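Student: Hi! I'm new to this one and would like to talk it through with you. Could we start with the charged pairs?

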Amino acid sequence: MNFPRLKFFKNLMFLFIVILSISCQNKNKKDKPSTILDQQKRPNILWLVTEDMGAYIPPFGDSTVVTPHLSRLANEGVIYPNLYSTSGVCAPSRAAIATGMYPSSIGANHMRTNSYTKERGLPAYEAVPPSDVKIISEWLRMEGYYCTNNYKTDYQFNAPATAWDESSVYAHWRNRADNQPFFAVFNFTETHESGLFEPYGFREIETRLYHAGDRNYNWKNKNASHAKNRMAEAETPKHLPLDTEFNIPPYLPDTDVVKRDMWKVYNNIAEMDSQVGAVLKQLEDDGLLENTIIFFYGDHGGPLPREKRLIYDSGLNTPMIIRFPKKKRAGTKDDQLISFVDFAPTLLALIGEKPKPYMQGQPFLNAYNTEKREYIHAAADRFDAETDVIRAVRDQRFKYIRNYRPEQGYYLPITYRERIPTMQELLRLKTEGKLNDIQKQWFRERKPKEELFDCETDPFELNNLADNPNYQNKLSELSNEMDRWLKTIGDNPYLPEVELINKLWNENKTQPKTSVPIISNENGKVKITCETVGASIGYRIINEGDNTTQSWDIYQTPFSIAPDVKLECFAHRIGFEPSKTIRISASNKL
């Protein structure tokens, strides 16, 4: 037998297997989409989120007030004019942002789950998403990100303590470990509808944004209510002249009262722009501008009557700007439709992670962005003490609205909104019979069952085309899409809130509770489990002197600790009550 030849073929076969193995490894690496950035695998991500914000800034065509910082961001980034919230109000929309799920699919659609329930004979409750759902920041923390929120939450559920490294008025990326990538959220509340109330003045708490990261900074009357603790109007900065001419939307009357509220809207925006500039300067001073993806957007549409809470574009559409490192795509516009449920999967895609199967949105950036969105969807249900049931679907041009309570008028007498002078003015002129036909539409005693608007030719959604024979194909298309969406996400618009709570609580009379975590020894390491499926488990090590770390670590796998320390841990599934926190001595377990 020719053994040398056999040995040669064995060596050749071995070499072939090695090459094939390396090739497969490289192929597997390529199978995982790369990020939009080529200079850093895991970029920092900064969210600048303002409240109650329509497209009232120069980058989106409104030059009423100068916004130098947002304008610079737009000049160096990409503007997205077709971002839509899932609701015209903050808490349901923020639930969608946090989870990547539609509010009406997880019991987060009523504003709010923990207020105005007692008056209706209902208990306060929380949204209860499926057991595998985590707040998006928790997924990023598990990938090594330092995650901070400054400072609003309002998710329709209590966030587990594992969601953030820090969530407070002092939270800042500057508190992270060296070279640790971060996801930082700064919320700006100056543009909130309450900023239109009288007496007028900026919120004192917002001055913290000029001192971000400084735990020693104390604003005036720090312990007072944040919403009510305001500067006097005389000491509030004036960013534009009081006699500025405004383009008043046709659904509002052109009166001095309305003009003053319009002035407040733009003055608040200008102040917010200054606060945004302060945070961006901190980023630039820290040398982080060119390895950070910066998002600016609002939590839904505008603050004025017939804007906030409504399902028209005036309540849903909000501007977004994204600045990429090295000014990639600078000065461009991206017209794709984007929904708030798309934020969570997009964040994962940006760091090279595949979106979670439960997420109902789709990435709008990166290699996982395989197809463009055709429709956005939205819902309106209870707002404070008043309830309606409306669903909407929109494509690039047309909006379809289905009213489940056509016998009920559009206008809801919401006490909070009636503190806005413009709302008071509308009600006064209605009583006096001085509103024009457009302005009276909102106060109709009944609603049509279906509405269809051409948002390109009718941006204020005033001319209902639902009965127009020329648009029946579009009406049918969007109606079918709504039926598909409702079925897909499990949204039953007819479900009373009391039955929703029973469903969330699995027919029990009280909110479900997360089981206490179980600590055990596995091969000399600490293992922590919880009988509540899907619960997040947080732990921290208590060193000598009982000085704890600032944040809770997320338990993922067994770990080793020194025998002379103590261990604290808890468990919390979203929508459940958290478990009690337990503390044990490591020497007793290991």
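Tutor: Arg215 is partly exposed, with a relative accessible area of 36%; here buried means under 20% relative accessible area, exposed over 50%, and partly exposed in between, using a 1.4 Å probe and protein chains only. This is a predicted model, so local features need pLDDT of at least 70 and side-chain atom pairs count only at pLDDT 80 or more, while totals for chains, interfaces and linings use all residues. Residues are numbered from 1 along each chain as its sequence is written, and side-chain values use heavy atoms, with hydrogens and water left out.

Student: Which residue forms a salt bridge with Arg215?

Tutor: That is Glu166, with the closest N and O atoms 2.7 Å apart. A salt bridge here is a side-chain nitrogen of Lys or Arg within 4 Å of a carboxyl oxygen of Asp or Glu. Arg215 sits in the loop between strand 5 (182-188) and helix 6, and Glu166 in strand 4, so the pair ties together parts that are 49 residues apart in sequence. Helices (H or I, at least four residues) and strands (E, at least two) are DSSP runs, numbered from the N terminus.

Student: And is Glu166 buried or exposed?

Tutor: Glu166 counts as buried, at 7% relative accessibility.

Student: What does Arg397 pair with?

Tutor: Arg397 forms a salt bridge with Asp454, and their closest N and O atoms are 2.8 Å apart. Arg397 is in the loop between strand 11 (386-394) and strand 12 (398-403), while Asp454 is in strand 13 (residues 450-454), so this pair ties together parts that are 57 residues apart in sequence. Arg397 is partly exposed at 32%, whereas Asp454 is buried at 3% relative accessibility.

Student: How many salt bridges does the whole structure have?

Tutor: A search of the whole structure finds 48. Another of them joins the side chains of Glu432 and Lys434, at 3.3 Å from N to O. Lys434 counts as exposed, at 56% relative accessibility. There is also a network, in which salt bridges that share partners join Glu51, Arg94, Arg112, Lys152, Asp154 and Asp299.

Student: What about the greasy inside? Which residues have the most contacts in the largest nonpolar core?

Tutor: They are Leu46, Leu48, Trp173, Phe186 and Ile269, in a core of 77 residues. A nonpolar core is a set of buried Ala, Val, Leu, Ile, Met, Phe, Trp, Tyr and Cys residues joined through side-chain atoms within 4.5 Å. The largest share of this core, 12 residues, comes from helix 6 (residues 256-285). A second, separate core of 63 residues includes Tyr80, Cys147, Phe183 and Tyr375.

Student: What does Ile269 touch?

Tutor: Leaving out residues up to four places away in sequence, Ile269 touches Met53, Tyr56, Ile57, Val65, Thr67 and Thr191. Contact means heavy atoms within 4.5 Å.

Student: How many residues of helix 8 are buried?

Tutor: Eight of its eight residues are, in the run 343-350. Among them are Phe343, Pro345 and Leu350. Gly352 follows helix 8 and has a positive phi, near 85 degrees.

Student: Last one: what order do the strands take in the open sheet of four?

Tutor: The order is 17-16-18-19, with antiparallel pairing; two strands pair if DSSP finds at least two bridges between them. Strand 17 (553-554) and strand 19 (582-585) are the edge strands, each pairing on one side only. Strand 18 (residues 566-572) pairs with strand 19 over four bridges, and Lys566 stands opposite Ser585 in strand 19.
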